[in-house]
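Trainee: Before I use this model, I would like to go through the terms applied to it, one at a time, and see what each of them rests on.

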Amino acid sequence: MPQKKKKKAVLSKSTFIKGLQCPKALYLYKNRYFLRDPVSPEQRAKFNRGTIVGVYARDLFPGGVDASPKTHFQMAQSVEKTAALIEEGQTDVIYEAAFSFEDVVVALDILYRENGQWKGMEVKSSRKISDTYRWDAALQYYVISGSGLELKDFSIAYINKDYVRQGDINIHNLFITESLLSHVKKLKHETGEKISQLKEVAALKKSPDIPIGTQCHSPYPCEFIGHCWKKIPRDSVLKLQGIPGEQKFEWHHQGLQSAGQVYDQLENPADFQKQMESIEKGETVADKGLLTQFMTENPGREKIYQSAYFAPVVPLFDQTSPYQHLPFAVFSTPVEHFNPQAHLVKPGMFPAKEITGQLAQINQEADTIWVFDASYEKSILEFLRQFVPDQSELIQNFISKLKDMGQAFEKGYVIKPSFIQPDTPEKILQHLGQEPQELPPKIIIPQQADALYQKLWRLEEVEEKHEGVNGLTTYVVNRGENLFRLFKLLKTLSV
Ligand code: SF4
């Protein structure tokens with residue numbers, strides 16, 4: 001007998017959340033998928049991190065059966081497998097248990113049975129529960145209970161930021177588990193309504209008429225910005241920095257689309273003069289006086305310094321917490337010419353002593369230490385300090401010499417407006433029309449370097465390990481060169 005074709009689900013967890021953020025994003029995703037912006041490495045890294053944490057959390061309920069499908073396109077098989085496992089009753093724990101109801105399919109991280117009653121748990125890699133996670137839970141509960149399985153509890157497990165490792169990892173302390181049962185029950189009716197509305201949106205013949213707004217960046221950067229924002233004028237009011245987003249969109253929707261049109265409405269117009277000039281010309285504008293002062297007021301010998309970090313979600317060392325940022329490499333160069341000094345800590349070693357040795361040398365050779373994001377570098381150094389109490393004075397002295405290149409942009413000495421402010425030396429260089437030094441493939445953002453360094457801890461294969469170390473060393477040196485290029489650019493702009 002020919003097999004009856006399985007009906008494809010209209011919504012999933014991710015499309016439901018997308019639709020809550022902006023129904024138009026859901027419509028475009030379902031009907032004009034090709035209009036999506038390319039997935040950024042940051043988004044990919046975030047997704048990978050979530051997967052790793054999800055797998056790790058299985059130790060909360062070990063020994064379960066995995067019901068996940070081979071690919072995302074085979075969710076229907078996963079639903080069948082879950083139903084069969086529940087029916088057979090041989091296991092009390094199912095990972096990635098999938099359910100379908102009213103054309104919505106969801107996969108739950110952990111389904112477990114206690115005292116004969118099924119309970120659900122969703123795992124999150126973040127350190128707090130957001131509104132999005134609450135809606136995510138509400139959808140899952142709606143679908144699971146609608147499909148016929150009564151859940152005695154529904155909880156979210158997320159990372160306990162206050163956990164400090166002492167000896168072996170205590171998985172039950174590493175995660176915080178919070179029941180959302182009463183919340184998801186309360187939202188049941190509303191969830192059903194939202195599902196119906198979003199299904200209608202997905203089936204529309206043409207894109208819903210939804211203007212751009214603060215929802216384009218919150219809670220997540222939308223993947224259709226390139227499409228929806230393409231007609232925004234070059235001198236748009238939305239480029240003004242230092243004005244709340246709501247206000248800028250209000251002006252934009254009132255038809256005051258160019259920045260110059262709102263100048264008279266600004267509270268302190270003088271503060272925005274340089275920005276206005278830059279927006280109108282579409283060029284970089286530097287306040288030469290202030291920039292020169294900023295670049296030249298520094299005492300003595302100058303060096304450029306940058307650390308590279310790793311932040312394991314499961315702490316690797318005693319006295320450290322989840323996502324604790326630890327340096328795995330440091331870089332420095334004199335400001336006069338590019339002469340890179342890079343040091344990578346051998347994977348598997350606690351970095352405090354080695355890094356401090358490097359700091360001692362840089363500290364000896366410099367009176368001013370240029371960095372990008374001084375408060376970040378400072379927080380890492382402050383943390384290291386507790387592990388090398390005999391070097392406390394050295395670290396304090398090092399910190400006191402830090403000077404932040406990023407301040408030139410934050411304080412408006414150099415302005416070139418954009419809708420979102422670039423936040424790394426590489427992005428700033430590109431934004432200002434300069435070519436950054438290329439970073440190694442697949443190690444172009446700190447999160448990727450972090451993931452690779454952590455992978456090196458587990459790697460047995462010598463050649464692969466060697467390759468990884470080389471890649472990371474190139475990453476550290478080339479990023480350092482970009483900071484050096486940024487420094488040179490600031491010098492050029494100041495004269
Ligand atoms: S870019 Fe903005 S308006 Fe367009 S789909 Fe995304 S959130 Fe909606």
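**Terms and what they rest on**

Mentor: The chain's secondary structure comes to 19 helices and 13 strands, where helices (H or I, at least four residues) and strands (E, at least two) are DSSP runs numbered from the N terminus. This is a predicted model, in which local features need pLDDT of at least 70 and side-chain atom pairs count only at pLDDT 80 or more, while totals for chains, interfaces and linings use all residues. Residues are numbered from 1 along each chain as its sequence is written.

Trainee: How do you know where domain 1 and domain 2 lie in the chain?

Mentor: The bounds come from an automatic or database domain assignment, which divides the chain into domain 1 (13-201) and domain 2 (293-494). Taken over C-alpha atoms, the centres of domain 1 and domain 2 are 36 Å apart.

Trainee: What makes residues of domain 1 and domain 2 part of the contact?

Mentor: Two residues are in contact if their C-beta atoms, placed from the backbone, lie within 7 Å, and the contact takes 18 residues from domain 1 and 14 residues from domain 2. On the side of domain 1 that touches domain 2, the largest share, 7 residues, comes from helix α3 (residues 41-56).

Trainee: Why is a set of residues called a nonpolar core?

Mentor: The name is used because its members are buried Ala, Val, Leu, Ile, Met, Phe, Trp, Tyr and Cys residues joined through C-beta atoms within 7 Å, buried meaning that 20 or more other C-beta atoms lie within 10 Å of a residue's own. The largest such core has 51 residues, with Ala 97, Ala 98 and Val 106 having the most contacts inside it, and helix α5 (residues 131-146) gives the largest share, 8 residues. Apart from this core lies another, of 50 residues, including Phe 294 and Leu 490.

Trainee: What makes a residue count as near the ligand, and which residues are around it?

Mentor: A residue is near if its C-beta atom, placed from the backbone, lies within 6 Å of the molecule, and the residues around the ligand include Cys 22, Lys 24, Gln 215, Cys 216, Cys 222 and Cys 228. Two or more residues of this shell come from each of α2 (23-31) and α9 (225-228), and α2 gives the largest share, 3 residues.

Definitions and conventions. A residue is buried if 20 or more other C-beta atoms lie within 10 Å of its own, exposed if 12 or fewer, and partly exposed in between; C-beta atoms are placed from the backbone.
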